Amino acid sequence: MKDFNALVTEHFKIAAESISDTLSAKDIPEWDSMNYLLFIADVEKEYSVSFTMDEVLGAQTLGDIKNMLRAKSITI
Amino acid sequence: MTEAQDRAFDSFEVGEEASFERTISTDDVAAFAELTGDHNPLHMDDAYAQATNFGSRVVHGMFLAGLVSRLVGMQIPGKRALLMKESLEFKKPVHIGDRVHVEGVVTHTSPATHSIELGIQISVKGELVATGQVQVQVRAE
């Protein structure tokens, strides 16, 4: 399983040392609507979870997405 | 088949398959070269290709990628498809006259993004020539 930051790096093309929970679409040029959906689908697959559309649309930051995983009992 | 399948996201399940076959002709390769401007001699020049390790003209890899587009746009998911990502690894050359079998299997469904992931296998006479993955959104319409 790839870790969360590896998925972030792969999809959003940012260096691992630059990743923080507060990063959002405003901070990450590669975070467009299509890439975000690809990222979410990959996160679901890697962690074997399913999000709802409301959860996905409500997430604003990388930290929000990590919290979505924690809410599904994923240790991250 | 000229009419695309029309199915909603909820109707797709992991493990579902779709496929088709097509024999690739000289005219197909010429049309693809004309359309894209890729007239590389390995694809277009018999004498050049015969002098290489390949022995005869090689079909453009992106022609095979185009056949994946057909699979996605017409069959699985079909009419509501919005192709988001496609990756292919070419394992063996395909030559003019080969009959390719293009197959997709649903490997993941994401209700949150209304997208499905397909594992792609392209083969000739049962031998894999390309493998890959596509991510496709199934639009609600």
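Colleague: Let's start with Ser73(A): is it buried or exposed?

Modeller: In this predicted model, Ser73(A) is exposed, because 7 other C-beta atoms lie within 10 Å, and a residue counts as exposed at 12 or fewer.

Colleague: Where does Ser73(A) sit, and what is its phi?

Modeller: Ser73(A) belongs to the segment that comes after α4 (62–70) of chain A. Its phi is positive, about 65°, although Ser73(A) is not a glycine.

Colleague: What about His114(B), buried or exposed?

Modeller: His114(B) is buried, because 21 other C-beta atoms lie within 10 Å and the cut-off for buried is 20 or more. His114(B) also has a positive phi, of about 50°, without being a glycine. You can find His114(B) in the loop between β3 and β4 of chain B.

Colleague: Okay, back to chain A. What is its secondary structure?

Modeller: Chain A comes to 4 helices and 0 strands, and along the sequence that reads α-α-α-α. The radius of gyration of chain A is 11 Å, close to the 11 Å that the globule rule gives for 76 residues, so chain A is as compact as a globular protein of that length.

Colleague: What box do its C-alpha atoms fill?

Modeller: Roughly 30 × 25 × 20 Å along the principal axes. Of the 76 residues in chain A, 20% count as buried. Looking at contacts in chain A between residues at least 6 apart in sequence, 50% join residues at least 24 apart.

Colleague: And where is confidence lowest in chain A?

Modeller: In helix α3 (residues 53–58) of chain A, where the mean is 90, while α4(A) is highest at 95. For chain A as a whole, the mean pLDDT is 92, and 100% of its residues reach 70 or more.

Colleague: Switching to chain B: how far apart are the end C-alpha atoms of helix α4?

Modeller: They are 21 Å apart in α4 (residues 61–75) of chain B.

Colleague: Which residues of α4(B) are buried?

Modeller: Phe63(B), Leu64(B), Val68(B), Leu71(B) and Val72(B) are buried. In general, an α-helix has 3.6 residues a turn, so residues three or four places apart point the same way.

Colleague: What do the buried residues of α4(B) pack against?

Modeller: They pack against β1 (17–23), α1 (26–36), β2, β3, β4 and β5 of chain B.

Colleague: What comes after that helix?

Modeller: A loop between α4 and β2 of chain B, where Pro77(B) lies. The peptide bond from Ile76(B) to Pro77(B) is cis, with omega near 10°.

Colleague: How do the strands pair, say β2(B) with β5(B)?

Modeller: β2(B) and β5(B) are antiparallel, with 9 bridges, and Leu83(B) has Val136(B) as its bridge partner in β5(B). β4(B) and β5(B) also pair in the antiparallel sense, over 10 bridges. There, Ile122(B) has Ala130(B) as its bridge partner.

Colleague: How many residues lie between the strands in the hairpin of β4(B) and β5(B)?

Modeller: There are 2, and Lys125(B) in that hairpin takes a positive phi near 50°.

Colleague: Last topic: how many residues does each chain give to the contact between A and B?

Modeller: Chain B gives 11 residues and chain A gives 13. On the chain B side, β2 (81–90), β3 (99–110), β4 (115–124) and β5 (127–138) each supply at least two residues. By class, that side has 3 nonpolar, 6 polar and 2 charged residues.

Terms used. Residues numbered from 1 in each chain as written. Chains lettered and ligands numbered in written order. Predicted model: local features only at pLDDT ≥ 70, side-chain atom pairs only at ≥ 80, totals over all residues. Contact = placed C-beta atoms within 7 Å. Nonpolar A, V, L, I, M, F, W, Y, C, P; charged D, E, K, R; others polar. Expected span 1.5 Å × (residues − 1). Rg over C-alpha atoms; globule rule 2.2 N^0.38 Å. pLDDT = per-residue confidence, 0-100. Pairing = 2+ DSSP bridges.
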